[in-house]
Amino acid sequence: MDGLPPFHQTNTLFLRKPQTQNPKLRSHSLSCPALGDTAPCTATPAYALQLSPSSVPAVVGGFSGVNSLASVKMIHAQTIKMPGKWSSDDHLVKILIRHYVNFGDHRSAALALLLGLARSNVGWNSFSEELKDFRELPVQILEVFDDLRCKGMVFDARIFTVSLRVCTCVLDLWLGVVIHACVIKTSLDSDAHLQRALMNFYERCWGIERANQVFNEMPKREDVVWNEAVKLNMKQGQWIRALELFRDMQYSCMKVKCTTIVRVLQACGKLKALAQGKQIHAHVLRFGMESSVPICNVLISMYAKNGELELAGAVFNSMEDHNLTSWNSIIYAYASFGFLNDAWSHFRKLESSTIEPDIITWNCLLSGHTLNGSYEDVLTILRTMQTSGIQPNSSSITCGLQSVIELGLLPHGKEIHGYVMRHDLHYDVYVGTSIVDMYVKSDCLDIARAVFNNLKSKNIFVWNSLISGYSFKGHLQDAENLVGQMEEAGIKADIVTWNSMVSGYSMWGHTEKALDMIHQIKLSGLTPNVISWTALISGCSQNGKYRESLEFFIRMQEEGIEPNAATISTILRICGGLSLLQKGKEIHCLSVKVGVTRDVYVATAIIDMYNKSGNWRSAHKVFKRIHKNSLASYNCMIMGFAMYGLGKEAISLFHAMCSNGITPDAITFTAILSACKNSGLVDEGWEFFDKMSGDYNLTPKVEHYSCMVDLLGRAGYLDETWDFIQSMPLKPDATIWGALLCSSRIHENIEYAEIAAENLFELEPDKSANYVLMMNLYAMSNQWKDVAHVKELMNSAGVKHTQAWSWIQIDRTVHHFSAEQSTHPDCGEIYFELYQLISQIKKLGYVPDVSCVYQNIDDVEKEKVLLSHTEKLAITYGLMKRKGSAPIRVIKSSRICSDCHTVAKYISMLQNCEIVIKDGVRFHHLSKGNCSCKDCW
């Protein structure tokens, strides 16, 4: 670097980080001789010879008999001696070059090409084919140039320009720098063509920043140089810099080329810079360029990318002439924003014009329908374009495969795969990736692997697709092996790869291994992102590891990762499942803070959290604030009403949903039938059950039949319930027999209970609740021998009685109460307070329901047993620690007994408080002596 002449204001950062240099090039001396100190030879004499134009054909014809290098040189000499401008014909120079190369004299060929390129009337592109065909030729040109330079030849701007362009082609980094130094020393750096060549050299070999520095240091800049600067910055994706240059051009009163206008409008589209795009449009109108079809086409595209479809349409309608690009631009604009009818309208207008739609036109329609989820239409368009004589290309196939994936139409996907093979499109890496992805998501991993193995070119997307498939299906070792194979193939795992592994290990319960993957991400130089942590949190949640999920959520935020909508939804589901109302409220606040409450999944998760945490009023407030409720949010709110026994409210919301144009689905009917069941609305339940198939063409599933069995049975229609079960088109499962058993226990019908229990013991032999229900029923009827028999069955099956528990959250602490253990530190105070409460409510009319104790003891002892029920202890402790008028919220593991339900009603009246109890079946919202269940549970 010390031998380089100084640049104008060049700093040491100028020559950092060059592109890779061509290894075939010899290193060039960086010294620049004192040009003009000796009697130099010049390139000028070679141009002084004349050749009559009429003699050129004769000379060209003389090459037909050439059989040696000497004869080529002889003809070359003859052309130089002949009068006239022999070098005005590119064809003659090309023939000379090819013959020199054929006889191995690359140096003479290079000299002929160098001098030919240097002529003002011969274009650079004229010899591009020769430069491609003879790969050694550019190197020889630079060697000839360097030799002549070192001998002191004085070059003009045209020779320097040619040499710089060759340096750019072969990535000769340092010779280009030497040429730049010589240009500065000879004061040729004001030549516009040479300036453009310099900028192109630095952009290609040293980066766009160096090219911009050359531009900034130019002593004089003409229009063509400004336009070139904009072009180079656009080429490198420097959209903002390109717009700044365009603005400076206007300030400097430079003439802007139409191609430059097109480029800066493209930048406005990329940057969503609508204001700047409108200003450039004004410039177009001011200088009368609105008749330019390319400019109008890019204006349409710019406005469309900024969401201004009306302006895009106005530009299109203002055009006097439309080419195919114009039609494609406006069709894509409407299609990509979901205005599919407008897109088809313009397509039909195009068909009626003299211009034929091409593959791009059809792909615009395909892409638009894919983006808007019209997947069935995508497959229809694919068939239509084939009948129109247009063969789908890789872009068309990719849209078709995506639609097949979304619709789950594997047979159609196989048909498209066959088309791909017949038309040799499987060599396209994107098509191959889409096919692998289709088979992965269709649960055909073996076929996906076979397609993957046959791909000649594999990008990281196809690797990630297969790794994700193996990981999702639990083939974690295969997925890990693929990661190793990918890295052996020279493709480094990216964040998507690692996230697939995190998700797989977490989903399949390997939390420690998932955490290790997070550590591997950091070791690889990447940073775990919100998707990494959400995958970990979600996987733990699916495996019931709620505590770990919440801990990872806190850790994610400590590492500076802001949760997204998916993270928030997952945490809200956890809070709802655990009935952690206070934590759920905090997450709700966080969702408002990060701005994701408009997301339909987050909004639905918030409603669900409040419903499951015992606060249906807050859930309903959130529901009413949603601007446009989806089917999911309606289903969630209807199910919320059902959990609280608010049947009338659920029915009203169902009708409101239908009046808003939303069609109920099978989940909706499960929710509304549950509401009828929990409210004892038998007639309404029958009506909705009949509507499923009659009005909405929905076939009832086992969950709908289960709701009807529960509804009829709880209402006391046990004979009708049995007939209903017998007439079912589906085989009864455990939910059907469970509903019958519960109803039989409520109405003390041992006959139907025994039938149900017999089936349940076969279907669910390990579920203790079924045995307990039968023992309770026998105990209510004083059939203690049968109680003992069920206990024996339970013991022989190895089933242990599940421990009953209740818990209540006070401030941030969860207090747990167990039927078998009295380990709470305030146990004595709790029982003392409970005795006081029982004494007071007895004065109000409370009579202990000793039938809820299923033990063969006297009534006095049964009353004592009733006092130990965990929900009573939790309610009492809540009253002791209650602050203000906050409701008391208790979670119980099993169904609340009738005595505890009665006690809770009396306490709510005595203490003038609200009590919310979530048992194993539903919610009970008690206030002023009444319960939301209306004693129907």
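Analyst: Let's start with aromatic pairs: rings of Phe, Tyr and Trp (its six-membered ring) whose centres lie within 6.5 Å, with planes under 30 degrees apart called stacked, over 60 edge-to-face and the rest tilted. This is a predicted model, so local features need pLDDT of at least 70 and side-chain atom pairs 80 or more, while totals for chains, interfaces and linings use all residues. Residues are numbered from 1 along each chain, and side-chain values use heavy atoms, leaving out hydrogens and water.

User: OK, how many aromatic pairs are there by that rule?

Analyst: The count comes to 23. One of them is W174 with W206, an edge-to-face pair: the centres are 5.2 Å apart and the planes make 75°.

User: Where do W174 and W206 sit in the chain?

Analyst: W174 belongs to helix α8 (residues 173–185), and W206 is in the loop between α9 (192–205) and α10 (208–216). The pair therefore ties together parts 32 residues apart in sequence. Helices (H or I, at least four residues) and strands (E, at least two) are DSSP runs, numbered from the N terminus.

User: Switching to helix packing. What angle do α27 and α29 cross at?

Analyst: Roughly 10°, with the axes of α27 (residues 495–507) and α29 (residues 530–542) coming within 8 Å. The axes are lines fitted to C-alpha atoms over the stretch in contact, with angles from 0 to 180 degrees between N-to-C directions. So α27 and α29 are roughly parallel (under 35 degrees).

User: Which residues of α27 and α29 meet?

Analyst: On the α27 side you'll find I495, N499, V502, S503, S506 and M507. Across from them, α29 brings I531, S532, A535, L536, G539, C540 and Q542. Contact means heavy atoms within 4.5 Å.

User: And how do α32 and α33 run, parallel or antiparallel?

Analyst: Roughly antiparallel, the term for angles over 145 degrees. Helix α32 (residues 581–594) and helix α33 (residues 600–612) cross at roughly 160°, and their axes come within 10 Å. The contact uses L581, G584, K585, H588 and S591 from α32, plus V602, I606, M609 and Y610 from α33.

User: What about α41 and α42, what angle is it there?

Analyst: Roughly 145°. The axes of α41 (residues 734–746) and α42 (residues 750–763) come within 8 Å. From α41, the residues that meet α42 are A734, W737, G738, L740, L741 and S744. Their counterparts in α42 are Y752, A753, I755, A756, N759, L760 and L763.

User: Zoom in on β1 and β2. How many bridges join them?

Analyst: Six, and the two strands run antiparallel, with β1 covering residues 805–810. Q809 has V814 of β2 as its bridge partner, and I808 stands opposite H815 in β2.

User: What's in the turn of that hairpin?

Analyst: There are two residues between β1 and β2. D811 in the turn has a positive phi of about 55°.

How values were computed. Parallel < 35°, antiparallel > 145°, perpendicular 65-115°, else oblique. Pairing = 2+ DSSP bridges.
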